[in-house]
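Please read the following explanation with the sequence and the model side by side.

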Amino acid sequence: MTNETYTLNNADGSTSLELPVKKGTLGPDVLDIGKLYREQGVFTYDPGFVATASCESDITFIDGDKGVLLYRGYPVEQLAANSSFIEVAYLLLYGELPTATQLAAFDNSIRTHTMLNEGMLRFFNGFRYDAHPMAMISAVVGSMSAYYHDTMDVNNPEHREIFAHRIIAKLPTIAAAAHKLNVGQPFIYPQNDLGYTENMLRMFFAVPAEPYEINPVAAQALDLLFILHADHEQNCSTSTVRMAGSSGANPYSAIAAGIAALWGPAHGGANEAVLRMLTQIGSAKNIPEYVAKAKDKDDPFRLMGFGHRVYKNFDPRATIIRKMCHKVLDQMGGKDAPLFELALELEQVALKDPYFIEKNLYPNVDFYSGIIYRALGIPTSMFTGMFAIGRTVGWVSHWQEMITEPGRRIARPRQLYTGAPERNYIAVADRK
Ligand code: CMC
């Protein structure tokens, strides 16, 4: 807290209220309204948290006007070009880039936690063959608290550490098990001499009847997507994880809540929605019709993969992914090239349209990610599951930060009540 205060004036210029100002390392100042209700008897009103900082955080910074995204201070472009997902996971979790020894130890720990308890694996026999992967992933992650109840004390640093490594390591295995159920193939156990993304590709696509060769471009693309999805400060699912965890609930339940929040089409579900939208548009000649629908206030259709609560210039992740799209499609996605062409065309049309210009609507991370997933052979219904794998490390980092915050309090917003005023109960016989 600084000694600075921010003064809200009455319309006649007389001083009405002074609020303490908090300053971060970067980004706008924050007015501390914690005592507002006690001292003034009023709440603040900000549906959707458009102008509300819900916590202090050291993890990720976004400047939406400049298109800047920093993980622990490092620009995402630099991490995308030079780092690996496992190294970025370490950075997000522990705050610093690892030394070679630290990285090797972390990588080894993640590799040795990839297997699922066989009982957990049997859950997949109970799901319908065509269950949505996100339904299975959130259910199975929630069920982890039934397996690790002896290491879930949120106040125990060793328990928190083992939880973090377990959940990061097991998410690809859980997603792969969901995929294998959907496609009617046998589950493939992890092979821990493989790296994180290579192991995931093998668990997804290998079959016992044939040898499986990992395509290095596929592994590189997936690793990049995981880096770009790893964290995004107080987004909907991360805020959900923090909120669920703030009650002291076990961390597996908090992450399961985050996965459920991610599934929505306004959040992580958008990558799936983009692919469906592009397929629906079908050809460049139909673009004007869909752009018109997106602009029509009476039509619920929105251009999926466009717009962002924070980015009002461009989403730096979309720029990086667009480049990777070219590489992947050149190498392995010939049949998906027309879809990519259509996406590029749609982007151009929208970027020139006054509606999208005025509202600062640009392609977001999800606009191109689905095209890469599809070229890799990942089914559309699994796209949000891929987002969840990358984002798990962000959720865990935020959960750790929240749970270890001195003076942590349960998240408990207030409301503007607009329901009936107090009234007396009427016996059923007397009701009209
Ligand atoms: N297509 C058409 N119009 C749009 C779109 C869109 N994709 N996005 C926003 N608008 C309009 C919206 O109708 C509103 O117009 P008006 O001011 O006339 O009412 C204006 O732009 C502001 O939109 P908003 O919904 O108030 O903005 P928000 O910050 O609440 O929502 C958003 C952000 C991402 C949910 C929204 O842009 C959207 O629904 N986009 C499509 C879904 C999508 O791609 N989601 C992925 C987000 S990135 C991945 C992630 O982090 O989850």
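In this predicted model, a side-chain N or O atom of asparagine 364 is 2.9 Å from an oxygen atom of the ligand, a polar contact in the sense of a pair of N or O atoms within 3.5 Å (within protein, one must be able to donate a hydrogen and the other to accept it, and residues adjacent in sequence count only if both atoms are side-chain atoms). Arginine 302 has a side-chain N or O atom 2.8 Å from an oxygen atom of the ligand, and for lysine 359 a polar side-chain atom lies 2.7 Å from a ligand oxygen. Around the ligand there are 21 residues, of which His267, Leu303, Gly305, Arg309 and Lys359 come nearest; a residue is counted here if one of its heavy atoms lies within 4 Å of the molecule.

Residues are numbered from 1 along each chain as its sequence is written, and side-chain values use heavy atoms, with hydrogens and water left out. Since the model is predicted, local features need pLDDT of at least 70 and side-chain atom pairs count only at pLDDT 80 or more, whereas totals for chains, interfaces and linings use all residues.

Helix 12 covers residues 270-281, where helices (H or I, at least four residues) and strands (E, at least two) are DSSP runs numbered from the N terminus. Because 9 of its 12 residues are buried, helix 12 is largely enclosed by the rest of the structure; buried means under 20% relative accessible area, exposed over 50%, and partly exposed in between, with a 1.4 Å probe and protein chains only. Among these buried residues are Asn271, Glu272, Leu275 and Ile281, and the buried residues of the helix pack against helix 13 (287-295), helix 15 (337-352), helix 17 (365-376) and helix 18 (383-403). Just after helix 12, glycine 282 takes a positive phi of about 80 degrees.

Helix 18 is also the place of threonine 392, which counts as buried because its relative accessibility is 1%. Leaving aside residues up to four places away in sequence, threonine 392 touches Ile167, Ile168 and Leu171, contact meaning heavy atoms within 4.5 Å.

Another part of the model is an open sheet of 3 strands in the order 4-5-6, with antiparallel pairing. Its edge strands, each pairing on one side only, are strand 4 (60-63) and strand 6 (74-75); two strands pair if DSSP finds at least two bridges between them. Strand 4 and strand 5 (residues 68-71) are joined in the antiparallel sense over 4 bridges, and phenylalanine 61 stands opposite leucine 70 in strand 5. These two strands form a hairpin with 4 residues between them, and in its turn glycine 67 has a positive phi of about 70 degrees.

Strand 5 and strand 6 run antiparallel, joined by 2 bridges, and tyrosine 71 has tyrosine 74 in strand 6 as its bridge partner. Arginine 72 lies in the loop between strand 5 and strand 6 and has a positive phi of about 50 degrees although it is not a glycine. Most residues other than glycine have a negative phi. Glutamate 233, in the loop between helix 9 (216-229) and helix 10 (236-246), likewise has a positive phi, near 40 degrees.

Tyrosine 71 belongs to a further picture, since of the 118 residues in the largest nonpolar core, Tyr71, Ile167 and Met386 touch the most other members; such a core is a set of buried Ala, Val, Leu, Ile, Met, Phe, Trp, Tyr and Cys residues joined through side-chain atoms within 4.5 Å.

Notes: The expected span of a helix is 1.5 Å times one less than its number of residues.
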